[in-house]
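I opened my notebook to get to know a structure I had not seen before. Here is what I looked up, entry by entry.

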Amino acid sequence: MPRQISFGDAPLSSRFGGRQPVWDLPIRLVHWLLAGLIAFSWWSVEYHHTDWHIWSGCAIVTLLLFRLLWGVVGSSTARFSSFVRGPGAILGYLRGGWSGIGHNPLGGLSVIALLSDTALQAGLGLIAQDEDGIYAGPLAGLVSSDTSDRARDIHEVNFYVLLALIALHVAAILFYRLRGRSLIMPMITGKAVLPRGTVPMQPGRWWIALLCLAVAIGVTRWFIAGAAPFGP
Amino acid sequence: MRNALIAATIASALLSACGGPQTSSANNTQSNMSDTASPPATAQGSTTTQGNATAPDMSAVSGDQAKTVMHERHEGMESIGKTTKALKRQLDSASPDMAAVSAGAAQIQDLSGKATGWFHAGTGPDVGKTGAKPEIWQNQQDFAAKLRGFQEAAKAFNAAAMSGDAPSIKTKFGELGQSCKACHDKYRSEMHH
């Protein structure tokens with residue numbers, strides 16, 4: 001249980017509107033599957049299971065494509081338009097002048113950084129090849145052998161960038177926890193206790209989620225097949 | 001119900017990825033791994049260039065001779081790697097250049113024969129910069145068996161390339177790759193660039 005924050009003399013019941021939806025199921029699934037698959041990707045390549053590593057990367061590509069689409073047509077808190085904000089909004093948040101649900105303006109930056117660096121990492125993996133020429137990403141045929149080698153080198157270095165971003169993400173969660181707010185439980189249950197009067201989440205439609213998923217799978221399979229007609 | 005549906009479909013997204021990036025991870029069917037490797041030859045400089053499966057010459061070398069062996073090994077491995085990469089690109093493409101595939105297969109078989117002389121004792125990481133692990137000289141029997149597996153896979157791949165039978169070429173190329181991997185996973189360190 002997160003420690004309750006007291007607001008002066010006001011009874012908590014009048015300030016909080018009970019547990020309300022914050023994160024929809026697709027967002028939570030994408031989040032935890034990404035966390036799990038990134039860990040699995042590291043493990044599989046570290047222990048020489050390069051084929052599993054490539055499959056895991058392709059699954060990550062599917063999740064990222066889904067997340068991109070859901071960020072445009074999904075629930076209100078999933079939409080990029082709801083949390084990608086300018087420096088003014090970030091400063092305003094730091095001064096305490098922000099109320100809302102979902103990613104705050106600063107957290108939104110972290111989400112963009114994490115998603116784009118994971119996308120960069122997956123993209124590099126798609127065109128990379130291993131140093132022995134045994135394994136290659138499904139799109140390696142679109143670039144030269146030297147480019148594939150360079151992509152692998154950057155893929156290796158960028159993993160540390162991704163680790164640093166993940167460390168920052170976890171540190172921020174700990175920071176909020178120490179200040180009495182648990183961010184982990186809402187990402188599991190989808191619900192959080194919010195101040196009364198907060199604009200509620202507008203849930204997306206389940207069939208649109210299925211449609212986004214179908215498109216994400218379709219594009220991934222097209223990549224896996226070598227992205228004809230651009231393929232070798 | 002709705003949630004369950006979404007959960008099920010996201011799970012299938014993951015499965016979709018298992019449908020198939022094409023990796024040459026054919027079942028590891030290295031031939032004759034059960035054969036006991038012949039004991040390492042002791043005479044120095046008995047390298048073979050015939051491309052036949054022979055036990056590696058693991059007699060000790062030192063000084064300039066060690067440096068020469070390490071240099072040859074590095075260049076040879078790099079050459080095998082480059083050739084394999086080019087072969088994979090050809091074989092993954094819609095219309096492989098079969099002349100290039102045959103040339104590459106012959107080159108790898110030739111280099112696999114030369115590999116017999118690349119692992120003299122005294123050419124490990126204690127002597128110079130190399131990815132060769134000390135375990136090579138601690139498990140000589142196993143190492144010799146793996147090297148022989150590579151040589152036989154190279155020979156089989158070359159034979160397939162000469163036959164021109166596309167499915168067999170792909171299978172043998174996959175097996176060749178696995179024979180590289182079998183040794184590298186165990187006997188090559190990550191710090192070898």
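I started with chain B, which reads α-α-α-α-α-α along its sequence. I found 6 helices and 0 strands there, with helices (H or I, at least four residues) and strands (E, at least two) taken as DSSP runs numbered from the N terminus.

I noted that this is a predicted model, where local features need pLDDT of at least 70 and side-chain atom pairs count only at pLDDT 80 or more, while totals for chains, interfaces and linings use all residues. Residues are numbered from 1 along each chain as its sequence is written, and chains are lettered from A and ligands numbered from 1 in the order in which they are written.

Next I looked at burial: 37% of the 193 residues of chain B are buried (20 or more other C-beta atoms within 10 Å of a residue's own, C-beta atoms being placed from the backbone).

Then I turned to helix 2 of chain B, residues 63-92. Its buried residues include Val69(B), Met70(B), Arg73(B) and Met77(B). What do the buried residues of helix 2 of chain B pack against? I found helix 7 (145-178) of chain A, together with helix 3 (98-114) and helix 6 (166-187) of chain B.

Last, I checked chain A, where helix 3 (residues 50-73) and helix 6 (residues 105-127) pack at an angle of about 140°, their axes 10 Å apart. In helix 3 of chain A, Gly57(A) and Ile60(A) are among the residues that meet helix 6 of chain A, whose side includes Leu115(A) and Thr118(A). I sorted the residues of this contact into 6 nonpolar, 3 polar and 1 charged (Ala, Val, Leu, Ile, Met, Phe, Trp, Tyr, Cys and Pro count as nonpolar, Asp, Glu, Lys and Arg as charged, the others, Gly among them, as polar).

Terms used:
Axes fitted to C-alpha atoms, helices over the stretch in contact; angles between N-to-C directions. Contact = placed C-beta atoms within 7 Å. Buried ≥ 20, exposed ≤ 12 C-beta atoms within 10 Å, placed from the backbone. Expected span 1.5 Å × (residues − 1).
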